[in-house]
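Please view the sequence and the model together before reading on.

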Amino acid sequence: MKFVDEFRAPELIAKAGEEIRKLADPARHYRIMEVCGGHTHAIYRFGLKDLLPSNVELIHGPGCPVCVLPMGRIDDGLSLAAEPNFIFAAFGDMMRVPGTHGSPLEYKARGMDVRIVYSPADALKLARNNPDKHVMFFAIGFETTAPSTAVTLMRAKAEGLRNFSVFCNHVTVIPAIRAILDSPDMRLDGFVGPGHVSTVIGCRPYDWIAQDEGKPVVVSGFEPLDILQSIVMLLRQLRDGEAKVENQYKRVVPWEGNRAALRAMGEVFELRPYFEWRGLGFISQSALKIRSSYAEWDSEQRFAVPGVRVTDPKAAQCGEVLKGVLKPEQCKLFGRECTPEQPVGALMVSSEGSCAAYYNYEHRKPVTIENAAAR
Amino acid sequence: VCLAIPGRIVEVDPQNTHLAVVDVVGVRRKVDLALLQDEHPGPGDWVLIHVGFAMSKISEADAIEQMQTLTMLGETAAAMEEVRGYGLENLENEADYGSRELKQ
């Protein structure tokens, strides 16, 4: 097996585009939210918007864990990194995310022990290999990564490894969708459901969106064809006045999810009463905390954490962009004060953030006679 | 965070059956199988890996498709960096793990 650099089935992609144009009623305007940041990245990267008629609009959802993490959490985590004999370990995505006094990478430059790990299991290994130091894993992510953190904590407890803890920022996708649907300035017609989160939680947790809110949900894969097919499936439901949960990504997503992963999460985590999301504010029962039976391995229960709250810079309109009220380029800072090289807001930091995706693939597109008018 | 990397199980560690050597386009690393325990994965099976843990069993055709998706997304370099970075193999100087990438 090797990497190949070409679109799979271009004729099918053209067909799906044609089907979308046929299904979209010109008298209607469709607003479809892709929840997952991976989908946002793919939509920009593949230029899928160019294949859609102008009345089918894609709204980028909150599914980028780096983007929705409030700055206060980063400050809290980094405040512990200054302790002597302390190792701050996090995924590479976190390293350039600005805190009030700098990013983890800048803390590293000031002499603090900051490490990139690619797996929570590797953070645990760091603790085994550095018995005279405390290793804190700064955990982020939705249900895709939370089970791995859970298994890692179960191992730490089984081994009785006392120099390891997790600063838990894991969030759950369903309450975020609920908050968006409850927000008065939001009008959505349907959802492209997250692919990899659904491998863990399955498709049932979306039932209420169809049944109570009357909005269709299609869980989707990440190829251009997957995303276009999911839009076709949504438009068919909307044409027929239906609202149900469908699974376009059957080859990877089982309807019931991954039971072993759900068991591990249930063993280690419970729901926080509320948690702050950048741009969305406080959302009840939207994040995971470590159970008291694992208190010894919970950085927040074990150490004094200041509990910093930082309001986002006023000029940055991350919240409006995150809720789909504004397009990235409509933010006053976009492309000027805020760029992927010097991010002000978190949506510009991660490649899954809608601002970074827009900046990298749309903003930098050469201006042609065809697209000049749109600018 | 959300990269799903396809790989093929080469062998399951006889001492630690939750660990397996997985081949990702020629790079071999240990990954954790704990989250697939209900599926009993074995040598020759294809899996999707997230942050060092196999999360789902997939077909070979789907594994190839997932590689193509990563390529189209421009994420192959990041995916291979991630796989190479998994530290469950013995590293030369384990206490320094995680420092190397940050030095440039």
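## A buried aspartate in chain B

B:D32 counts as buried, because its relative accessibility is 1%. The model in which this residue is described is a predicted one. B:D32 belongs to strand β3 of chain B, which covers residues 27-32.

The side chain of B:D32 reaches the side chain of A:R155 in a polar contact of 2.5 Å. When neighbours within four places in sequence are set aside, the residues in contact with B:D32 are A:R155, B:H18, B:L19, B:G52, B:F53 and B:A54.

## The interface between the chains

The contact between the two chains involves 56 residues of chain A and 51 residues of chain B. The size of an interface is often expressed as the accessible area that is lost when the parts come together. For chain B and chain A the buried area is about 4,600 Å², and carbon and sulfur atoms contribute 62% of that area.

Ten residue pairs are in polar contact across the interface of chain B and chain A, with both residues at pLDDT 80 or more. On the side of chain B that touches chain A, at least two residues each come from β4 (46-50), β5 (53-58), α1 (60-72) and α2 (76-85) of chain B. The most is given by α1(B), which supplies ten residues. Sorted by class, this side of chain B holds 24 nonpolar, 16 polar and eleven charged residues.

Side chains of opposite charge can pair when their charged atoms come close. Between chain B and chain A there are four salt bridges. In one of the salt bridges of the model, A:R251 pairs with B:E65, and the closest N and O atoms are 3.2 Å apart.

β4(B) is largely enclosed by the rest of the structure, because five of its five residues are buried.

Strand β1 of chain B (residues 5-12) runs antiparallel to β4(B) and is joined to it by four bridges. Opposite B:L48 of β4(B) stands B:P6. β4(B) also pairs with β5(B), again in the antiparallel sense, over five bridges. B:W46 has B:I58 in β5(B) as its bridge partner. A hairpin is formed by β4(B) and β5(B), with two residues between the strands, and B:V51 in the turn has a positive phi of about 35°.

## Salt bridges across the model

Over all chains, a search of the whole structure finds 25 salt bridges. One of them joins the side chains of A:E57 and A:K327, with an N to O distance of 3.2 Å. This pair links distant parts of the chain, since A:E57 is in strand β2 of chain A while A:K327 is in the loop between α14 (318-322) and α15 (354-363), 270 residues apart. A:E57 has a relative accessibility of 17% and therefore counts as buried, whereas A:K327, at 24%, counts as partly exposed.

A salt bridge of 2.6 Å, N to O, brings together the side chains of A:E296 and A:R162. Here A:E296 lies in the loop between β13 (288-290) and α13 (299-302) of chain A, and A:R162 lies in the loop between α7 (146-159) and β6 (164-168), 134 residues apart. A:E296 counts as partly exposed, at 30% relative accessibility.

A:R309 and A:E276 also form a salt bridge, their closest N and O atoms being 3.0 Å apart. A:R309 is in the loop between α13 and α14 of chain A, and A:E276 is in strand β11 (residues 274-277), 33 residues apart. A:R309 is exposed, with a relative accessible area of 56%, whereas A:E276 is buried, with 18%. Elsewhere, salt bridges with shared partners connect A:D226, A:R251, B:D62 and B:E65 into one network.

## A proline in a loop of chain A

A:P53 is found in the loop between α2 (37-45) and β2 (56-63) of chain A. Its relative accessibility is 17%, so A:P53 counts as buried. Leaving out residues up to four places away in sequence, A:P53 touches A:I20, A:R21 and A:A24. The C-alpha atoms of A:P53 and A:P175 are separated by 31 Å, and the two residues are 122 residues apart along the chain.

Technical notes. Residues are numbered from 1 along each chain as its sequence is written. Chains are lettered from A and ligands numbered from 1 in the order in which they are written. This is a predicted model: local features need pLDDT of at least 70, side-chain atom pairs count only at pLDDT 80 or more; totals for chains, interfaces and linings use all residues. Side-chain values use heavy atoms; hydrogens and water are left out. Contact means heavy atoms within 4.5 Å. Buried area is the accessible area (1.4 Å probe) that two parts lose on being put together, summed over both. A polar contact is a pair of N or O atoms within 3.5 Å; within protein, one must be able to donate a hydrogen and the other to accept it, and residues adjacent in sequence count only if both atoms are side-chain atoms. Ala, Val, Leu, Ile, Met, Phe, Trp, Tyr, Cys and Pro count as nonpolar, Asp, Glu, Lys and Arg as charged, and the others, Gly among them, as polar. Buried means under 20% relative accessible area, exposed over 50%, partly exposed in between (1.4 Å probe, protein chains only). Two strands pair if DSSP finds at least two bridges between them.
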